[in-house]
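Good morning, everyone, and thank you for making time for this. Please take a moment with the sequence and the structure before I walk through them.

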Amino acid sequence: MVEQICLILMVVLAIFSIMSVSLRNAVILMAIYSLLCSYVYLLYHAPDVAIAEAVIGAAFITIIFWVAIKRHKAIRIYYLPCIVPESVMNKNPNISCDYSEVMKIMEQFLQDKELEPTIIRSKETVEDIQKADNYDYIFQWDDTSVTVYGRENDHHFDELEIILTARSDLNAKIYRLKERDNS
């Protein structure tokens with residue numbers, strides 16, 4: 001009876017982990033699956049296999065997945081100050097760089113993708129940040145638009161570009177920066 005319940009639970013856990021939208025939830029479900037699998041090995045009188053499954057499957061592999069997810073999901077975003085030419089500022093002193101709408105879009109994008117941002121407000125130039133090569137996205141505002149710089153081969157940037165260009169009211173300019181050659 002216990003054996004059948006465990007086997008059914010293993011199938012259910014496997015299906016839920018495959019169907020999970022969240023990578024973190026999938027990893028947790030697979031760890032539980034592995035522990036349950038270890039228990040089933042004990043029921044089948046294979047304690048050596050059960051211990052190996054518990055140590056490797058439930059512990060070691062779960063930790064590797066967590067680290068990989070954490071590393072893949074961390075991004076660095078630079079926000080550069082608003083640039084308004086003095087001539088424009090003299091004509092219209094009430095200009096303010098309101099980027100709250102872009103921030104809302106970014107917050108939703110980051111949440112949907114389960115990305116964990118490190119946000120850096122910087123007065124460096126785009127060129128200096130690019131030379132340092134420690135960015136994922138760079139945002140810079142001026143009096144009429146927002147300019148977004150991203151890496152050439154970043155698959156998240158592809159999706160962000162679609163979202164930002166779909167909003168014509170943002171007047172977003174998108175630039176892809178080439179990867180630095182480390183050789």
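Let me begin with a question: which residue, with a positive phi, follows helix 5? That residue is E114, whose phi is near 55°.

Before I go on, a word on the source: this is a predicted model, in which local features need pLDDT of at least 70 and side-chain atom pairs count only at pLDDT 80 or more, while totals for chains, interfaces and linings use all residues. Residues are numbered from 1 along each chain as its sequence is written, and side-chain values use heavy atoms, with hydrogens and water left out.

Now the overall layout. The chain has seven helices and five strands, where helices (H or I, at least four residues) and strands (E, at least two) are DSSP runs, numbered from the N terminus. Their order along the sequence is α-α-α-β-α-α-β-α-β-β-α-β. Of the 183 residues in the chain, 32% are buried; here buried means under 20% relative accessible area, exposed means over 50%, and partly exposed is in between, with a 1.4 Å probe and protein chains only. If we take contacts between residues at least 6 apart in sequence, 67% of them join residues at least 24 apart, a contact being heavy atoms within 4.5 Å.

Let me return to helix 5, which has 13 residues and reaches 18 Å from its first C-alpha to its last, close to the 18 Å expected at 1.5 Å a residue; that expected span is 1.5 Å times one less than the number of residues. Its buried residues are V102, M103, I105, M106, F109 and L110. Seen down the axis of helix 5, these buried residues fall within an arc of 160°, so they line one face of the helix, the arc being that of the directions from the helix axis to the C-beta atoms. On the face turned away from that buried side, helix 5 carries the exposed residues K104, E107, Q111 and D112.

I turn next to the charged pairs. How many salt bridges does a search of the whole structure find? The search finds four, taking a salt bridge to be a side-chain nitrogen of Lys or Arg within 4 Å of a carboxyl oxygen of Asp or Glu.

One of them joins the side chains of E116 and R24, at 2.0 Å from N to O. This pair links distant parts of the chain, since E116 is in strand 2 (residues 116–121) and R24 is in helix 2 (residues 23–43), 92 residues apart. E116 counts as partly exposed at 24% relative accessibility, and R24 counts as partly exposed at 25%.

Another salt bridge brings together the side chains of E159 and K113, at 2.2 Å from N to O. E159 lies in helix 7 (residues 155–166) and K113 in the loop between helix 5 (100–112) and strand 2, so the pair ties together parts that are 46 residues apart in sequence. E159 is partly exposed at 28% relative accessibility, and K113 is partly exposed at 24%.

D158, E161 and R176 are linked in a network of salt bridges.

I129, in helix 6 (residues 126–132), is buried, with a relative accessible area of 0%. Leaving aside neighbours within four places in sequence, I129 is in contact with Y78, L80, S122, E124, N134, Y135 and I138. The C-alpha atoms of I129 and Y78 are separated by 8.5 Å, although the two residues are 51 apart along the chain.

T147, which lies in strand 4 (residues 146–151), is buried with a relative accessible area of 9%. With neighbours within four places set aside, T147 is in contact with I138, F139, Q140, K173 and Y175.
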